Amino acid sequence: MGVEFRKGWGWLVLVALTASTIGDEITLLTLMFRTADNAPAYAVPVLLIAELLPGLIVAPYAGRLIDSRDAARVLVVVSALQAVVIAFIALYPPFTLAGAALLSMLFTISSAATFALIPVLARALGMTLARANSFLEMVRSLGMLVGPVAGGVLVGWVGSRTALLADAASFGLLLLVVAASGLRRRPQRSENEGRTLLADYQPLLRNRRAMVATGALSLEVFATAIADVAFVFLVTVTLGSGPTTFGVLTALWAGGMLIGAALAERVMGRRIGLAAFGTAAIMGATMLLVGLAPIGVTVVAIAFIAGGGANSIHNVAVRTLLQSECSPADHGKVAAIYGAVTRTAAIGGYIAGGFFVPNDAPSAYVVGGLLGVGAGIIGWRIFNGRWSASPVSRRK
């Protein structure tokens, strides 16, 4: 796998990714507010579906594209398209739903490209793969922490059009930095070019450890999605609080994620698989704490800080695990598989969570917690074949 990269540009790429991630959060919030204010009530869930399902459809093709082309150039082109689409729906609100569907497909491609480029960035910056993934997680945590606040301020201050144009500009910045950095990930020519899509994925699907990790840990995503649906009702109905408590708890989760991202490499060490499954179990335990303990804001706040920290370490460990278990030539495809499976799990969790709201949010957290703990403990046993840690294989 050929690699090119101009010295000194690695950190600029990370800065551009940070700006783009904050912009993504701004766009998500802006589209939600715009849809809620100017469309029928059912338009909000339709918008959420439009932001998920199209990406699922293109995921297999996105993975194949990333592994058969220069991933950096794909990211540049897709970033340009994202900037154009966001600018278009900023200027023409009636096309918001169609734009959201197109952005879903483009985001699937850009996510797979970013996943495949992280090992390249790690080598260019002279750091371990785990540390590079930790920096990426810090970038995403900052986006989750700053993006909603910035989006709320921008929408309230200058309106949704300007807020969306700001996100379009962030993608423009990303494509310029990546293009100027000289970042390249040139794939090796495959002797199996021209294979069918299924045949192209078959070697990866036969990777037992990668597929067990994908399946087991997607159960954690399903469990978390159940709790996500119940969260607002936990605050408003169970705790009897309002938007301020909602915002504070959301910020505490994001703050926990930021701390977890900073500590991820140290916590993981060489026990990457154990960290991935262990933090899944910890997230489940924090959901159980919320569901079973006497409900109070303090208990929930502690659980959210711990859960956010575990969430970040989990994300770092999962990315590092999949990148380590699979050949670099398959990184685009493994990112596409994991993204498609977890998105499907999230949709299922949203549907399941609806059965517990609005009046039984604690039960949603109990169910989600039990599933999360099970995904971590039982998934680890199946993945590793024993209870003690075994080393992660290194694919060259």
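Predicted model: local features only at pLDDT ≥ 70, side-chain atom pairs only at ≥ 80, totals over all residues.

User: What distance separates the end C-alpha atoms of α10, and what should the helix span?
Analyst: Helix α10 covers residues 243-268, and its end C-alpha atoms are 36 Å apart. At 1.5 Å a residue, its 26 residues should span 38 Å, which agrees.

User: Where is the kink in α10 centred?
Analyst: The kink is centred on Ala-262 and amounts to about 45 degrees.

User: What follows α10?
Analyst: Gly-269 follows, and its phi is positive, near 55 degrees.

User: Which residues of α10 are buried?
Analyst: They are Thr-245, Leu-249, Trp-253, Ala-254, Gly-256, Met-257, Gly-260, Ala-261, Ala-264 and Met-268.

User: Changing topic, is Ser-134 buried or exposed?
Analyst: Ser-134 counts as buried because its relative accessibility is 6%, and the cut-off for buried is under 20%. This serine belongs to helix α6, residues 129-158.

User: What is Ser-134 in contact with, leaving aside neighbours within four places in sequence?
Analyst: Ser-134 is in contact with Ala-261, Ala-264, Glu-265 and Val-316. Ala-261 and Ala-264 are among the buried residues of α10.

User: And Thr-320, where is its place?
Analyst: Thr-320 is in helix α12, residues 297-325. Its relative accessible area is 1%, so Thr-320 is buried.

User: Which residues does Thr-320 contact, with the neighbours within four places in sequence again left aside?
Analyst: Thr-320 is in contact with Leu-129, Ala-130, Asn-133, Met-268 and Ile-272. Of these, Met-268 is one of the buried residues of α10.

Definitions and conventions:
Residues numbered from 1 in each chain as written. Heavy atoms only, no water. Helix = DSSP H or I, 4+ residues; strand = E, 2+ residues; numbered from the N terminus. Expected span 1.5 Å × (residues − 1). Bend = angle between axes of the 7 residues up to and from the residue. Buried < 20%, exposed > 50% of the residue type's maximum accessible area, 1.4 Å probe, protein only. Contact = heavy atoms within 4.5 Å.
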